[in-house]
Amino acid sequence: MKKMISVLLLLSIIIAVACPTYAVEPRYANANDLLVTISVNSSGKATVFVKMYGCTSLTQSHITTYIEKKIGSTWTRVDIGTVNDVWECDSTSTTVIKTYTAQLSSTGEYRAVAEFTLTGSTVEEVTKTATTSY
């Protein structure tokens, strides 16, 4: 019986050590999940995906999304053919899912930036970024 308990304890320790730990995502006052991703195909067409799942307390959201290119050590806004080179989204829904596309003119390091202004129990501003190379 002692041998069985020893084996079970040993297995428990092995499993505990082998299981990876995950970082905890930041908790937002007005949202459960905020995400931006960017991908670029071989022709230079960038696709930016923005997702927001708000809490029930969320009453309004404003999302500004844009693409930047790294030139030297500076990030510079890319011409995406819209006013101020940004995509704007206003919503009173608790779920927003958007996909935007733009043609990139040259290779390099790019990032998508999504600035979320979330109004609910408080007004909260969160910026998320995603980087890729083309």
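Buried here means under 20% relative accessible area. By that cut-off Cys-55, with a relative accessible area of 12%, is buried, and Cys-89, at 7% relative accessibility, is buried too. The model is a predicted one, and a search of the whole structure turns up zero disulfides. For a disulfide to be counted, a pair of cysteine sulfur atoms would have to sit within 2.5 Å.

Salt bridges are another story: the search of the whole structure finds two. Asp-33 pairs up with Lys-51, and their closest N and O atoms are 2.9 Å apart. This pair ties together distant parts of the chain, with Asp-33 in strand S1 (residues 31-40) and Lys-51 in strand S2 (residues 45-54), 18 residues apart. As for cover, Asp-33 has 28% relative accessibility and so counts as partly exposed, while Lys-51, at 16%, counts as buried because it falls under the 20% cut-off.

In the other bridge, Arg-111 meets Glu-68, with 2.6 Å between the closest N and O atoms. Here too distant parts of the chain are linked: Arg-111 belongs to strand S7 (residues 109-119) and Glu-68 to strand S3 (residues 60-71), 43 residues apart.

Most residues other than glycine have a negative phi. Asn-84, however, has a positive phi, near 60°, and Asp-85 also has a positive value, near 55°. Asn-84 is found in the loop between strand S4 (74-77) and strand S5 (87-91), and the place of Asp-85 is in the loop between S4 and S5 as well. Asn-84 counts as exposed, given its 62% relative accessibility.

Finally, there is Tyr-134, which lies in the segment after strand S8 (123-133). With 28% relative accessibility, Tyr-134 is partly exposed.

Definitions and conventions. Residues are numbered from 1 along each chain as its sequence is written. This is a predicted model: local features need pLDDT of at least 70, side-chain atom pairs count only at pLDDT 80 or more; totals for chains, interfaces and linings use all residues. Side-chain values use heavy atoms; hydrogens and water are left out. Helices (H or I, at least four residues) and strands (E, at least two) are DSSP runs, numbered from the N terminus. Buried means under 20% relative accessible area, exposed over 50%, partly exposed in between (1.4 Å probe, protein chains only). A salt bridge is a side-chain nitrogen of Lys or Arg within 4 Å of a carboxyl oxygen of Asp or Glu.
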